[in-house]
Amino acid sequence: MARSALARTALPVEPAHPEATAFATDAIAGLTTTPKRLPPKYFYDVTGSELFERITTLPEYYPTRCELGILREHAADIAALIPQAAALIEFGSGASVKTRIVLGAAKSLAAYVPVDISRDFLERQALALRKQYPGVAMLPVAADFSKPFDLPVTIEGMPRVGFFPGSTIGNLEPHEACTFMRQAGETLGAGALFIVGVDLVKDQRVLQKAYNDKQGVTAKFNLNLLTRLNRELGANFNVSAFEHHALYNREKSRIEMHLASTKRQKVRLCGETADFRAGETIHTENSYKYSIESFGAMARGSGWTPVEVWTDADKCFSVNVLKRA
Ligand code: SAH
Ligand code: AVI
């Protein structure tokens with residue numbers, strides 16, 4: 001008989017914050033189904049955000065290098081598209097490294113709204129940004145961008161430019177990406193521009209290497225999710241009994257990351273027990289790769305008109321400028 005791997009009982013510990021409750025609910029739901037899975041947004045506590053920043057500097061991780069190159073090359077073009085005294089709203093801002101290229105080129109920007117789920121990391125970045133750009137209103141918003149959220153009242157009446165670099169869109173399921181794009185259109189409002197960085201389909205050896213780096217930083221980033229479950233939800237994962245797997249699923253044009261149990265084991269989580277078979281995995285992330293055409297079609301289908309697309313010479317990565325249709 002098919003049986004849930006977790007025996008359902010009431011949560012013994014009531015998490016104090018709504019964010020902790022969502023994490024507990026998603027963790028229990030994800031570890032109860034087969035195959036087991038956890039949403040990638042939970043990678044990003046402070047350690048996860050720091051590990052992602054280390055990933056961006058790895059020789060194998062081409063997306064950041066390629067996107068930075070495209071943004072630098074087209075910084076003046078981007079600045080020319082941005083209306084006077086506009087607000088730049090970034091979805092999943094992280095360390096705002098790429099944003100600094102836009103802030104440096106578009107001198108008339110009046111406000112920057114970095115939106116990120118990694119609250120403590122976001123606040124730390126905002127302190128540095130305020131010092132570096134005293135003439136720009138820095139208005140961080142700690143929110144989950146997959147759900148509707150409010151923009152700061154300070155930017156009411158300002159023209160809006162959305163910024164979604166990093167190919168973070170690839171971490172959403174295609175149907176979620178459409179919903180996100182439509183919702184972002186509503187949040188940004190009529191006449192908004194949207195600059196979206198999208199990783200492109202390429203030789204799968206390049207992709208495999210980018211997610212299986214030699215130094216093992218991507219493995220640490222993936223495994224940190226278990227450490228976070230232990231610390232924040234009182235789980236008892238033996239982190240050393242899991243390993244990082246990353247593989248390219250050609251049919252679905254996506255890199256999949258998994259955490260594989262090296263043995264048969266039981267894990268306690270929120271007063272419940274998760275049973276793992278040897279080799280069983282938790283699917284922790286998808287990173288979808290698009291073509292210029294498939295991304296353009298998705299943007300059009302979710303209320304946006306592509307106006308520009310720039311790539312690097314090798315067509316590894318694309319930066320797309322969209323206008324709200
Ligand atoms: N924009 C940066 C960082 C990309 S990493 C760059 O291009 O380098 C992805 C970022 O999105 C992380 O900072 C992570 O905390 C954030 N993020 C992921 N899922 C999110 C969600 N659902 N809501 C808000 N932020 C999210
Ligand atoms: C943030 N996101 C676009 C990264 C990616 O490439 O999918 C996250 C990441 N996962 C492993 N390495 C980097």
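**Exercise 1.** State which residues come nearest to ligand 1 among the 17 around ligand 1.

Solution. Gly 92, Lys 98, Asp 116, Asp 144 and Phe 145 come nearest. A residue is counted as near when one of its heavy atoms lies within 4 Å of the molecule. By class, the shell around ligand 1 holds 6 nonpolar, 6 polar and 5 charged residues. Here Ala, Val, Leu, Ile, Met, Phe, Trp, Tyr, Cys and Pro count as nonpolar, Asp, Glu, Lys and Arg as charged, and the others, Gly among them, as polar.

The model is a predicted one: local features need pLDDT of at least 70, side-chain atom pairs count only at pLDDT 80 or more, and totals for chains, interfaces and linings use all residues. Residues are numbered from 1 along each chain as its sequence is written, chains are lettered from A and ligands numbered from 1 in the order in which they are written, and side-chain values use heavy atoms, with hydrogens and water left out.

**Exercise 2.** Describe the surroundings of ligand 2.

Solution. 
- Step 1: of the 14 residues that surround ligand 2, the closest are Tyr 61, Asn 171, Tyr 211, Glu 285 and Ser 287.
- Step 2: the shell divides into 7 nonpolar, 6 polar and 1 charged.
- Step 3: a side-chain N or O atom of Asn 171 is 2.8 Å from a nitrogen atom of ligand 2.
- Step 4: Tyr 211 places a polar side-chain atom 2.5 Å from an oxygen atom of ligand 2.
- Step 5: a polar side-chain atom of Glu 285 is 2.7 Å from a nitrogen atom of ligand 2.
- Step 6: alone, ligand 2 exposes 340 Å², of which the protein buries 98%.

**Exercise 3.** Classify the packing of helix H7 against helix H10.

Solution. Helices (H or I, at least four residues) and strands (E, at least two) are DSSP runs, numbered from the N terminus. Axes are lines fitted to C-alpha atoms, for helices over the stretch in contact, and angles run from 0 to 180 degrees between N-to-C directions. The axes of H7 and H10 (residues 292-301) come within 9 Å and cross at roughly 50°. H7 is therefore oblique to H10. Angles under 35 degrees count as roughly parallel, over 145 as roughly antiparallel, 65 to 115 as roughly perpendicular and the rest as oblique.

**Exercise 4.** Locate the cis peptide bond.

Solution. The cis bond joins Thr 34 and Pro 35, with omega about -5°. Pro 35 sits in the loop between H1 and strand S1 (36-37).

Note on methods:
A polar contact is a pair of N or O atoms within 3.5 Å; within protein, one must be able to donate a hydrogen and the other to accept it, and residues adjacent in sequence count only if both atoms are side-chain atoms. Accessible areas come from the Shrake-Rupley method with a 1.4 Å probe; for residues, only the protein chains shown count as cover.
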